[in-house]
Amino acid sequence: MSRILQSRLLFYRLKNNRPFCSNVSANPPKEPIISSASPLNHQPPVSSTSPPPNTSHKKPWSFLKFGIFGALTGVAATAGYATYAYTLEEVDMKTKDFRDWANYTLRDDASALEKLRGMFYSVAMTVPAKSIELYLDLRRSIEEHVRGFTEPSSEKLLPDLHPLEQQHVFTLVLDLHGTLVYSDWKRDRGWRTFKRPGVDAFLEHLAQFYEIVVYTDELSMYVDPIIERLDKKGCIRYRLSRSATRYQDGKHYRDLSKLNRDPSRILYVSGHALESSLQPENCVPIKPWKLETDDTELLDLIPFLEYVARAKPADIRPVLESYKGHDIAKEFIERSKEHQRRMQEQRQQGRLWRR
């Protein structure tokens, strides 16, 4: 009995003192660390060549886009060439028949085939005809706007002459800057305008013989105050500013043909006459004034201009052509002296003949 008890007690102690164990180890074996590239190496290789995309449905759209681009390029090139090579009236005249053909009308008793043919014909002709009409309208509008900046403001810049003056009055056109006055700017005083020596006597004397017009390329907001201070006696009948000039090749030109005066009776006096006028045959060039105190250009020119007004040549242009390449004032004095010498010789010969 005692042996049985001892064996049970031994079994009980051994059971309580046995260390805890389980299927999971307290220190599990460490698993090896696998790099991120390793799983990829174990995956099946991916094919580097992807299947070609299906582009069959894109070909018609690409062809259409290239077709539209080519058509627009051709239309733009044709319009540019027509604008460069032909005037608006020439384009209108050359395309008139083509645009008339677009107005195709069918008879009431036309067959179905003729109606179908007429429909295709109308579609094929209407689009180009309408494009030409659009081009003509657009070009006409643009040219009208451009003409407002480049052309003189009116076809008749001056009012009609009185009927009594049309036969014997000459028009003396004068430039302003460098001819009658000179404007100078300095930092200490700003802009200042100076009168040319002899300008008062020049205007007052020639106003008896001429219709005097000041024609300049400056803005009227600058011209009007200068003329009001310059011409206190009212010798200048009319003043024309930049809006009356013709803009051409980057410059403002005086167009004497728009003055509403007989071109054979117009004289244009300027320090830059040949460079600023479209009618060089009417020009009387003089030396431009740049504040020289001993200048006498205007006073020297009075005898010639007075002689022209009194002699009243039928056309002043051949007279001015005979002075081409010469200083008109000096050449006129030389010719006057030569004329007087010949007249003196004729008188002496007449006296000798009488004796």
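The model is a predicted one, in which local features need pLDDT of at least 70 and side-chain atom pairs count only at pLDDT 80 or more, whereas totals for chains, interfaces and linings use all residues. Residues are numbered from 1 along each chain as its sequence is written, and side-chain values use heavy atoms, with hydrogens and water left out.

Lys-312 sits in the loop between α10 and α11 (316–322); helices (H or I, at least four residues) and strands (E, at least two) are DSSP runs, numbered from the N terminus. Although Lys-312 is not a glycine, its phi is positive, at about 50°.

**The whole chain**

The protein chain has twelve helices and nine strands. Of its 355 residues, 28% are buried. Among contacts (heavy atoms within 4.5 Å) with a separation of 6 or more, 70% involve residues 24 or more positions apart. The chain exposes about 26200 Å², of which carbon and sulfur atoms supply 57%; accessible areas come from the Shrake-Rupley method with a 1.4 Å probe, and for residues only the protein chains shown count as cover.

**Helix α3 and the annotated segment**

Next, select residues 66–86. UniProt lists them as "transmembrane region" in an unreviewed entry; positions from that record are given in the numbering used here, feature names are shortened, and annotations may be inferred rather than shown by experiment. Over this span the chain is 95% helix and 0% strand, and the end C-alpha atoms lie 30 Å apart.

Ile-68 belongs to helix α3 (residues 59–85) and counts as partly exposed because its relative accessibility is 47%.

**A buried threonine**

Now move to Thr-179, in the loop between β1 (170–174) and β2 (181–186). Its relative accessibility is 0%, so Thr-179 counts as buried. Display its neighbours: leaving aside residues up to four places away in sequence, Thr-179 touches Arg-196, Val-269, Ser-270, Gly-271, Ile-286 and Leu-298.

**Helix α7**

Select residues 199–206, which make up helix α7; its buried residues are Val-199, Phe-202, Leu-203 and Leu-206. Viewed down the axis of α7, these buried residues fall within an arc of 90°, so they line one face of the helix (the arc is that of the directions from the helix axis to the C-beta atoms). An α-helix has 3.6 residues a turn, so residues three or four places apart point the same way. The partners packed against the buried residues of α7 are β1, β3 (190–195), β4 (210–215), α8 (220–230) and α10.

**Salt bridges**

A salt bridge is a side-chain nitrogen of Lys or Arg within 4 Å of a carboxyl oxygen of Asp or Glu. By this rule, the count is 17. Several deserve a selection.

- Lys-195 and Asp-200: their side chains meet at 2.8 Å, N to O. Lys-195 is partly exposed at 43% relative accessibility, and Asp-200 is partly exposed at 38%.
- Arg-254 and Asp-217: the closest N and O atoms are 3.6 Å apart. This pair links distant parts of the chain, with Arg-254 in the loop between β7 and β8 (266–270) and Asp-217 in the loop between β4 and α8, 37 residues apart. Arg-254 counts as buried because its relative accessibility is 3%, whereas Asp-217 is partly exposed at 26%.
- Asp-315 and Arg-317: the closest N and O atoms are 3.0 Å apart.
- Glu-338, Arg-341, Arg-342 and Glu-345: salt bridges link these residues in a network.

**Last stops**

Select Asp-249, in the loop between β6 (246–248) and β7 (251–253). Asp-249 has a positive phi of about 55° although it is not a glycine, and it counts as exposed because its relative accessibility is 69%.

Finish at Pro-303, in helix α10 (residues 297–311). Pro-303 is partly exposed, at 36% relative accessibility.

Notes
Buried < 20%, exposed > 50% of the residue type's maximum accessible area, 1.4 Å probe, protein only.
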